[in-house]
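Please open the model in your viewer and keep the selection panel at hand. The tour moves from one selection to the next and says what is to be found at each stop.

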Amino acid sequence: MAKRNIVLTENLRELGLLIFMVVIAVAIQLRNPAFLRLSNLNSLLTNTAILGILAVGMMLVLVTRGIDLSIGSTIAFSGMVTALTVAGNPGLPPIAAIALGTLVGMAVGMVIGVLVARFDVLPIIATLGMMNVVRGLTYVVSGGRWVSSYQMSNSFKGIATGRTLGINNLIVIAIAVYLVAAWFINHTRTGRQIYAVGSNPEAAGISGIPRRRLIFLVYSIMGGLAGLAGVLWVAKFASAQGDTAVAYELQVIAACILGGVSITGGVGRLTGLLLGTIMFGILANALPLINVSPFWQMAIQGVVVLAAVLTNVMVRRNSERNALRRRAI
Amino acid sequence: MGTTKKSIIMILVLIMAFAPLALFAGGRSEAADAERHAFIFKNTGNPYGEKQMEGFAEGIREQGFEEILRAPDQPTAEAQIQIIEQLMAQRVKSISITGNDFDALQPALTRAMDQGITVLSADSAVNPASRQVHVNQADSEMIGRTLIQAAYDMADGAGEIAILSATSQASNQNLWIEWMQKELAENPSKYADLELVRIAYGDDLRDKSVSETEGLLQSFPDLKVIIAPTTVGIAAAGRVITDRGLIGEVHVTGLGLPSEMAEYIENGACPYMFLWNPIDVGYLTAYAATALMNGDITGAAGDTFSAGRLGNFEVVPAGDGGTEILLGAPFKFEPSNIDEWKDVY
């Protein structure tokens, strides 16, 4: 009963967000008819793919009551290491570049995982520390220089610009990540246990769920996805610089919250996440189209996030009240 | 897990958090007797800034002095003010600064001047009250006018053009854009068919610059030229044009790093673009700083001094009411010369 209630609330909430998105899309379309053109929707999704991939990892971290502030730095670091490797070995197959970047990111994630899971360092502190360490390492390995487009092979840049079955590779990779995540979260024991750890750590511990091992796992996954995103980022923009993706983690966290992931743990669904990410993609894509003053762009983004969170709170409170009322009868 | 162990780990993590700051922002310990000249760039990890600092160091060492090169993590005025205060405590002889804000640095820089420190700005100016002189890459007027002429040339004299800038606050870019608009306004007959349809701001971020470029292409399907007077913006625009197969239909020009733009100049997305030599900007700044300190020049218009391998320079009135020293005309990068420059910077 309670479970069905939660599902219902979430469905209602996501429906609310969906309606909100449709309203915004219509408003934008009225101001600039180019918005819903196929080519624009394609670039909207392409530009949102990296955010979407990162949001999956961040959701797992948030579900365990954690947070990861280091991913912007991890993106820059993995991107820089991969770009330098590609510049030095033009013959490197793209798949090897992707594997390398993912492993670099995963290594960073594992260090965080050890700090949080083994030594009980608060996630916000551990990842804040790693944010600076990894950013510093990025400058060290690059010597402050950038890796530019002409130093990268066409096959490497093709990771982001090429198409599979007529769809841009970035979108294909993001879809693959979501499918794997859906299977992992809903159909594996480990996936379910991650939620158990987040909604009630004590109970999870008592019932024999390996809490520490799971926490180590989610930060490793987050790191791996950030590493993957780093490779995609560099391939997409064809340039690796030390200050790539500074503060990008905040956007990822905001997209998660917009998608209904609870920062207090235990709650988060891929469908909501998808909506939250696309909502962010719409904002990034549409603000240049509707010709608002650059001074307003940030403010508009903030207002939309706040409005969504507010709706979230109200829908949830409403359905809780309804549940209570039913019980009284 | 004991609390002592926990707190040790905590301390280790905090040290980790601040170690890079110490590593990158920390000054080196210099001998106290050598004359030290400081250069503050906008932010760390910018190859353009690295080259400028390299030139400054070369010019200072050539004269037998010692250089201090500093740059904050983030391109903010607050961070630069902190560095200025540290340099004042270190009793440097001169401070050359690439300003992150036109006005906000005035209190800090005035205090430095009151302490007897020579203060000048380079590349990106601070207001005339906060400096003795400004070292400018090239005449802002010349840059603005040249870029519009380039757009005119690429659009064959007619069509829609747009500007993709850095942030809406960037003083450099705003000044160039002002001159672009003046060039258009002052020659109405020549530019009758050239229409500046929008000024977009990519904030010098890759993702935002790409979104803004795509927004321009969607909003103005007949767009002929994008002028991007900023390194990240012009490369992002070149990338989008290349990806979308619009080479030859939409042209990109502006100011960019040869290394970043090599591919797009070679593939035709950007027929040509401009930049000055940042090494020379830094080098000229070094000689201007010592000339001011020695009293060879005072920063008044008409003063002349010699700047090592670059020859003689004259202080001229600047558009903002102060005075400046101009390096020279912007250098044109095109398919015929990009190959020799792409590995330099």
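**Confidence**

Colour both chains by pLDDT before selecting anything else. The predictor assigns the complex an ipTM of 0.88 and a pTM of 0.82. Chain A has a mean pLDDT of 90, with 97% of its residues at 70 or more; within chain A the confidence is lowest in helix 13 of chain A, where the mean is 78, and highest in helix 4 of chain A (residues 94–118), where it is 97. For chain B the mean pLDDT is 88, and 90% of its residues reach 70 or more. Select residues 22–32 of chain B, where the pLDDT is below 50 and where the model has 10 contacts beyond near neighbours in sequence. Where pLDDT is low, predicted coordinates should not be read in detail.

**Where the chains meet**

Next, show the contact between the two chains, to which chain A contributes 38 residues and chain B contributes 37 residues. On the side of chain A that touches chain B, the elements giving two or more residues are helix 2 (38–63), helix 5 (123–142), helix 12 (270–286) and helix 13 (294–328) of chain A. Helix 5 of chain A gives the most to this side, with nine residues. Coloured by class, the side of chain A that touches chain B shows 18 nonpolar, 15 polar and five charged residues.

**Two helix pairs in chain A**

Select helix 2 of chain A together with helix 7 of chain A (residues 169–187), whose axes come within 8 Å and cross at roughly 25°, which makes helix 2 of chain A roughly parallel to helix 7 of chain A. Their crossing is left-handed. Among the residues that make the contact are Leu45(A), Ala49(A), Ile53(A) and Val56(A) from helix 2 of chain A, and Leu170(A), Ala174(A), Val177(A) and Ala181(A) from helix 7 of chain A. By class, the contact of helix 2 of chain A with helix 7 of chain A comprises 12 nonpolar, two polar and no charged residues.

Move on to helix 11 of chain A (residues 248–258) and helix 12 of chain A, which pack at an angle of about 125° with their axes 7 Å apart; helix 11 of chain A and helix 12 of chain A are therefore oblique to each other. The crossing of helix 11 of chain A with helix 12 of chain A is right-handed. Display Gln251(A), Ala255(A), Cys256(A) and Leu258(A) in helix 11 of chain A, which meet Leu273(A), Gly276(A), Thr277(A), Met279(A) and Phe280(A) in helix 12 of chain A. The contact of helix 11 of chain A with helix 12 of chain A has six nonpolar, three polar and no charged residues.

**The eight-stranded sheet of chain B**

Turn to chain B and select the open sheet of eight strands, ordered 2-1-3-4-5-13-12-11 with mixed pairing. Strand 2 (66–70) and strand 11 of chain B stand at the edges with a single partner strand each, so one side of each has no neighbour in the sheet. From one strand to the next, the twist averages 25°.

Strand 5 (residues 133–136) and strand 13 of chain B run parallel and are joined by three bridges, with Val135(B) opposite Ile325(B) of strand 13 of chain B. Ile325(B) is also the bridge partner of Val315(B), for strand 12 and strand 13 (residues 323–326) of chain B are joined by three bridges and run antiparallel. These two strands form a hairpin with five residues between them, and Gly321(B) in its turn has a positive phi of about 100°.

Strand 11 (residues 304–306) and strand 12 (residues 312–317) of chain B are likewise antiparallel and joined by three bridges, with Phe305(B) and Phe313(B) as bridge partners. In the turn of the hairpin formed by strand 11 and strand 12 of chain B, Gly308(B) has a positive phi of about 45°.

**The four-stranded sheet of chain B**

Finally, select the open sheet of four strands in the order 7-6-8-9 of chain B, whose pairing is parallel. Strand 7 (194–201) and strand 9 (251–254) of chain B are its edge strands, each pairing on one side only. Strand 6 (residues 159–165) and strand 8 (residues 223–228) of chain B are joined by four bridges, and Glu160(B) has Leu223(B) as its bridge partner.

Note on methods. Residues numbered from 1 in each chain as written. Chains lettered and ligands numbered in written order. Predicted model: local features only at pLDDT ≥ 70, side-chain atom pairs only at ≥ 80, totals over all residues. Contact = placed C-beta atoms within 7 Å. Nonpolar A, V, L, I, M, F, W, Y, C, P; charged D, E, K, R; others polar. pLDDT = per-residue confidence, 0-100. Pairing = 2+ DSSP bridges. Axes fitted to C-alpha atoms, helices over the stretch in contact; angles between N-to-C directions. Parallel < 35°, antiparallel > 145°, perpendicular 65-115°, else oblique. Left-handed = near helix turned anticlockwise from the far one by under 90°.
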